[in-house]
Amino acid sequence: MSTFDDIRNERIKKLEALRASGVNPYPIHSSRTISCEDFTSKFGELQDSGKIETVAGRVMSLRGQGGIMFVDIFDGTGKAQVVFQESEMNADLFTLFSTTVDKGDFLEIEGAAFTTKRGAPSLKASSWRMLSKSLRPIPDEWYGLKDEELRLREREIAILLDADLRAIFIRKSAFWRAVRSFLESRDFIEVETPVLETSPGGADARPFLTHHNALDIDAYLRISAGELWQKRLLVAGFPKVFEIGRIFRNEGQSSEHVQDYTQCEWYEAYSDYEKGMVMVRDLYRFIASTVYGREKFTIRGHEVDLSIDWPKIHFGEEIKKQFGIDPFYCTEEEAILSAKKGGVELESGANKARAVDQMWKSIRKTIAGPAFLVGVPVFLEPLAKRSEKNPDEVERFQVILAGSEMGKGFSELNNPLDQRTRFEEQEILRAGGDLEAQRLDESYLNAMEYGMPPAFGFGVSERLFAFFEDKSAHETQLFPLLRPKE
């Protein structure tokens with residue numbers, strides 16, 4: 001049996017044979033005149049006219065022997081069958097084809113449309129040219145890549161061989177296009193905010209630390225899609241802004257969590273979380289109908305119907321019901337004890353906020369949704385405005401789908417004095433070992449003191465897309481981060 005090195009060496013010999021024949025195996029230009037998709041859709045017209053066309057693409061299969069060979073080529077738009085007959089083309093050109101071309105090579109083929117004896121629409125080759133000689137053999141299309149790690153590691157081949165996988169990323173593009181279209185139709189403007197920050201803010205997460213050589217300062221990769229920057233733009237007078245961008249969180253991996261991913265955040269002046277809930281519901285329904293043509297999904301064993309009314313679930317009431325404790329007024333010791341009694345696993349050194357948060361997350365797993373979680377304590381959200389009905393809770397909601405949080409929004413805190421107090425409380429938590437507590441950002445506080453309008457803000461990540469697909473976060477990323485092979 002031939003080894004990989006044997007196959008690669010044989011292909012290099014074929015490459016040299018092409019060069020010896022005066023053929024450049026990696027030319028600059030292609031003379032393609034028609035895509036495989038158009039060749040197939042216009043086949044009848046092309047066959048009637050006898051027009052000569054040039055297709056180009058990757059050889060996906062080679063069949064036949066002697067004086068006739070059948071080739072399937074793929075160019076990303078579709079496949080086309082090409083028939084090479086020695087009697088229909090230059091004999092030397094046919095011999096060069098039969099002795100140097102392998103599955104995986106990119107070819108350019110000129111010819112006319114015709115139908116084979118078996119009725120297959122095809123292109124009868126009159127000439128061909130090598131566009132790119134492949135040195136590695138690609139797996140058979142039928143078997144593909146079966147090893148799951150290899151499917152993630154050699155993503156380009158997995159996508160090439162798996163039409164369903166390729167379709168996922170076409171839908172992912174449509175997903176973000178739908179988000180952008182929805183916001184732009186409501187007069188939001190798209191902005192770009194810094195990815196490198198001197199103080200990461202806008203979320204409860206551990207950042208990646210790097211160093212800026214030119215300025216000789218430490219910097220962080222952002223953990224939100226510009227939350228504090230976008231709110232500074234509200235101070236600047238922009239009423240509606242949004243950003244779709246990459247964010248980075250130096251935390252654990254799971255089927256729902258990856259370290260770098262795309263998130264959309266938007267901020268609207270003179271709005272609030274009640275109006276925001278209506279907008280978010282409409283957005284999710286718009287995405288579902290635009291990308292999938294439906295509003296009902298089966299996600300991780302949950303049946304989810306976005307068309308129903310979305311109920312509100314109160315954070316404090318649910319924890320009281322499930323754990324027998326009031327999360328607003330219990331002590332840290334009581335919160336930790338109740339969580340442990342309820343079978344909730346806590347990290348060592350957990351504080352009240354983390355214990356209460358983990359209690360809720362254990363409840364959340366059972367909720368199919370769609371629903372809005374409301375009534376969250378102030379100590380869990382340092383950037384949201386306090387409720388006028390209960391100053392111990394904030395005007396924040398989370399979208400609950402299939403047992404998970406699928407987006408968060410709130411009436412933005414615009415009182416700089418209250419914001420400073422909450423930042424200082426977060427700093428105390430950080431000093432106590434809570435690495436996810438937020439940092440005090442003096443530049444943001446300075447901007448707020450110039451005056452910030454009342455506003456609503458919301459963020460949703462590509463996790464929503466993964467849930468619509470009922471796939472893990474890794475499976476719906478083109479090139480997920482993996483540990484290098486040793």
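Before selecting anything, one definition: a helix axis here is a line fitted to C-alpha atoms over the stretch in contact, and angles run from 0 to 180 degrees between N-to-C directions. Keep in mind, too, that this is a predicted model.

**Stop 1: two crossing helices.** Select H7 (residues 163-184) together with H9; their axes come within 9 Å and cross at roughly 140 degrees. Angles over 145 would count as roughly antiparallel and 65 to 115 as roughly perpendicular, so H7 and H9 are oblique to each other. The crossing of these two helices is right-handed. Now show side chains. On the H7 side, the residues in contact include Phe175, Val179 and Phe182, and on the H9 side they include Leu283, Phe286 and Ile287. Sorted by class, this contact between H7 and H9 has 12 nonpolar, two polar and two charged residues.

Stop 2: Next, pick helix H8 (residues 227-235), which lies across E10 (240-248), E11 (260-269), E19 (404-411) and E20 (455-461). H8 runs at about 20 degrees to E11.

**Stop 3: the sheet.** Select the eight strands and trace them in the order E6-E10-E11-E20-E19-E18-E15-E14; they form an open sheet with mixed pairing. At the edges sit E6 (189-190) and E14 (312-314), each pairing on one side only. Zoom in on E14: its partner is E15 (residues 371-374), in the parallel sense over three bridges. Isoleucine 313 stands opposite leucine 373 of E15 here.

**Stop 4: strand E19.** Is E19 buried or exposed? Seven of its eight residues are buried, so E19 is largely enclosed by the rest of the structure. E19 pairs with E18 in the antiparallel sense over five bridges, and with E20, also antiparallel, over four bridges. Click on lysine 408 to see both partners: glutamine 398 stands opposite it on one side, and glycine 459 in E20 stands opposite it too. Then look at the hairpin of E18 and E19, where two residues lie between the strands and alanine 402 takes a positive phi near 50 degrees.

**Last stop: glutamate 345.** Where is it? Look in the loop between helix H11 (332-341) and helix H12 (352-364). Glutamate 345 has a relative accessible area of 74%, so it is exposed.

Key:
Residues are numbered from 1 along each chain as its sequence is written. This is a predicted model: local features need pLDDT of at least 70, side-chain atom pairs count only at pLDDT 80 or more; totals for chains, interfaces and linings use all residues. Side-chain values use heavy atoms; hydrogens and water are left out. Two strands pair if DSSP finds at least two bridges between them. Contact means heavy atoms within 4.5 Å. Buried means under 20% relative accessible area, exposed over 50%, partly exposed in between (1.4 Å probe, protein chains only). Angles under 35 degrees count as roughly parallel, over 145 as roughly antiparallel, 65 to 115 as roughly perpendicular and the rest as oblique. A crossing is left-handed if the near helix is turned anticlockwise from the far one by less than a right angle, and right-handed if clockwise. Ala, Val, Leu, Ile, Met, Phe, Trp, Tyr, Cys and Pro count as nonpolar, Asp, Glu, Lys and Arg as charged, and the others, Gly among them, as polar.
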